[in-house]
Amino acid sequence: MIGKYLVDKGIITQKQLEEALEEQKKTGEFLGSVLINKRFASEHVVAKGLSEELGLAFMDLSKYSIEAAAIKIIPEALCRKYILIPVYQAGHNLTVAMADPTDDAAKDEIRGITKFNIRPVFSPVSEIRERIDREYGGKEPAAKEPAAGFNYTPARRTGGAKKEVDELIEVASLAPVIQVVDALVTKAVEMGASDIHLEPDQGHFYCRYRVDGILRDLPELPKKYEAAIISRIKIMSNMDIAEKRVSQDGRIQMTVANKSVDLRVSTFPTLSGENVVLRILDRSRAFLELEHLGFASDNLKIIEKAIKRPFGMILVTGPTGSGKTTTLYAALNKVNNIEKNIMTLEDPVEYEIPRIRQSQVNPKAGLTFANGLRSMVRQDPDIIMIGEIRDKETADIAIHAALTGHLVFSTLHTNDSASAATRLIDIGVEPFLVGTSVIAFVAQRLVRTLCPNCKKSYTPTKEELEVLGLRATDEKLVFYREIGCKRCYETGYAGRAGIFEILVPNEEIKELISKKVSSAVISEAAVRGGMKTLRDDGTLKVKAGVTTVSELLRVTKEA
């Protein structure tokens, strides 16, 4: 603890530390800032204490002359970006004074530009900025600002908007803050999380990961770190850190555990502060093969036959988070070759696919799904993927494209495959066009798969057999249940697999669609024709020991 270090060194008294701690409880500021503001210790002393506490070398820039040759090695913009300055060069080593010597991104960028081995040392923020102004711009030394310390809360300081922004940048650049953010992302990637939720509340700062579709609580983050952590994330995603009244969106690219990861960041103002959600897009998991999504062998043959058709529409349906986009990417990856011109219009583009022309809707600029699709058909595409059909105009253009020689992929938000047909009719598409243009309606859900390390077999009860439509007189079945172990973080589940329902309209179904019958009637006709429902496909996975009865019922209760 920085306070104990300063007391042990005789820099402050125990009484002063207690007074500062009392003030910290009231204001929520970082202890280092309280000590500086009360003039119990200087920025220089606090910074040196931080360096020793973190086990990093400290450099008092006032006692060092900076080599002119070293200044030429690192551009000024980079120095200001990361708050650092080169001090001297010796052989292939370059000593660099940094506000945060633990910032690996900064060191990697400097190393890549200079081709030198970087030897980082710790220096106070104000000293580094003063030397940057002096060495690069020939300016007068800037007035020193208080160091941020460990637990700084910028909103409580005065001095105008610009100063508040500068202070936010300073605190977000401190090593402990950077380490917390990096640790949150690294742990999320290791656990296979799809989202990180940072949730400020009155007196609390909660964090949750969405793993296998389920939100899970993590240990609560210190409330005093809230402003610093959120500012760090906003800086990384190129957001306006001073704007807290409106929602913002951004993107971060990182390498975590040797994986290239994109983070889609969203902030949202609440009564208790800015809520932040980071969607994790793990590129190493982006391009799953159709064979690995969970299709049963007969369903796999149906979908592979459909995506090889020269024209027509394939609609993937299901609620948000059911894996629709992953299925579409797998399908596009399957048909992607040099002979095909494949174009997409998405909201947003989640993964980049080589040799595919991908575009992102931008309503503010007038690029909607309808407008973009209208322009796209003039680009001579063979295959078109539309992120979602939301209105009649988009549906009409998509269906027209499907009927005039294009293979069209898209998604809808409906509970099952038959409902997708009636949904198109509800938004204004002519019924006869639905039956003639759509070659496959694919409904899907994601079920959590059992951890292979700890799952346990058991004999299913009569009630479980009945709910799955199985008879007690069937061959003796063995089901599996979740137990929990260290590998699966005590959940009993590890990963997810899809369950699917594929409706291929035959003549009877096309006629029913043209008559505008209910989705229940269409579904009954499809089952008579051999379609496996979501519950049927899930039951196969339960019998195979892939998932549990409770998990299947959870995801199909509304299907």
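A residue is called buried when its relative accessible area is under 20%, exposed when it is over 50% and partly exposed in between (1.4 Å probe, protein chains only). The structure is a predicted model, in which local features need pLDDT of at least 70 and side-chain atom pairs count only at pLDDT 80 or more, while totals for chains, interfaces and linings use all residues. Residues are numbered from 1 along each chain as its sequence is written, and side-chain values use heavy atoms, with hydrogens and water left out.

Of the 559 residues in the protein chain, 51% are buried. The accessible surface of the chain comes to about 26,500 Å², and carbon and sulfur atoms contribute 49% of that area; these areas come from the Shrake-Rupley method with a 1.4 Å probe, and for residues only the protein chains shown count as cover. The secondary structure comprises 22 helices and 18 strands, where helices (H or I, at least four residues) and strands (E, at least two) are DSSP runs numbered from the N terminus. Contact is defined as heavy atoms within 4.5 Å. Among contacts in the protein chain with a separation of 6 or more, 62% are between residues 24 or more positions apart.

Two strands pair if DSSP finds at least two bridges between them. An open sheet of three strands has the order 1-2-3, and its pairing is mixed. Strand 1 (84-90) and strand 3 (117-122) are at the edges with a single partner strand each, so one side of each has no neighbour in the sheet. The twist from one strand to the next averages 25°; axes are lines fitted to C-alpha atoms, for helices over the stretch in contact, and angles run from 0 to 180 degrees between N-to-C directions. Six bridges join strand 2 (residues 93-98) to strand 3 in the parallel sense, and M98 stands opposite F122 in strand 3. Helix 7 (residues 104-114) packs on this sheet, touching strand 1, strand 2 and strand 3, and its direction makes about 140° with that of strand 3. Helix 8 (residues 125-137) also packs on the sheet, where it touches strand 1 and strand 2 and makes about 70° with the direction of strand 1.

Another open sheet contains seven strands in the order 12-11-13-14-10-15-18, again with mixed pairing. Its edges are strand 12 (357-360) and strand 18 (493-503); each has a single partner strand, so one side of each is left without a neighbour in the sheet. On average, neighbouring strands here are turned by 20° against each other, direction ignored. Strand 10 (residues 312-317) pairs with strand 14 (residues 407-412) in the parallel sense over six bridges, and the partner of T317 in strand 14 is L412. Helix 14 (residues 369-376) packs on the sheet and touches strand 11 (342-346) and strand 13 (383-386), its direction making about 170° with that of strand 11. Helix 22 (residues 549-556) lies across strand 15 (438-450) and strand 18, at about 140° to strand 15.

T327 belongs to helix 13 (residues 324-335) and is buried, with 5% relative accessibility. Not counting residues up to four places away in sequence, T327 touches L290, L293, F295, V316, Q444 and F500. F500 is also among the contacts of T533, together with E501 and V527, when neighbours within four places in sequence are left aside. T533 lies in the loop between helix 20 and helix 21 (534-543) and is buried at 18% relative accessible area.

Helix 10 (residues 175-190) has 16 residues and reaches 22 Å from its first C-alpha to its last, close to the 22 Å expected at 1.5 Å a residue; the expected span is 1.5 Å times one less than the number of residues. Its buried residues include V177, I178 and V181. The axes of helix 10 and helix 11 (residues 226-236) come within 9 Å and cross at roughly 70°. Helix 10 is therefore roughly perpendicular to helix 11 (angles under 35 degrees count as roughly parallel, over 145 as roughly antiparallel, 65 to 115 as roughly perpendicular and the rest as oblique). At this crossing, V177, I178, V180 and V181 in helix 10 meet A228, I229, R232, I233 and M236 in helix 11.

Most residues other than glycine have a negative phi, and most peptide bonds are trans. D212 has a positive phi near 55° and is buried, with a relative accessible area of 13%. K516 has a positive phi near 60° but is exposed, at 56%. A cis peptide bond, with omega about -5°, joins D347 and P348.
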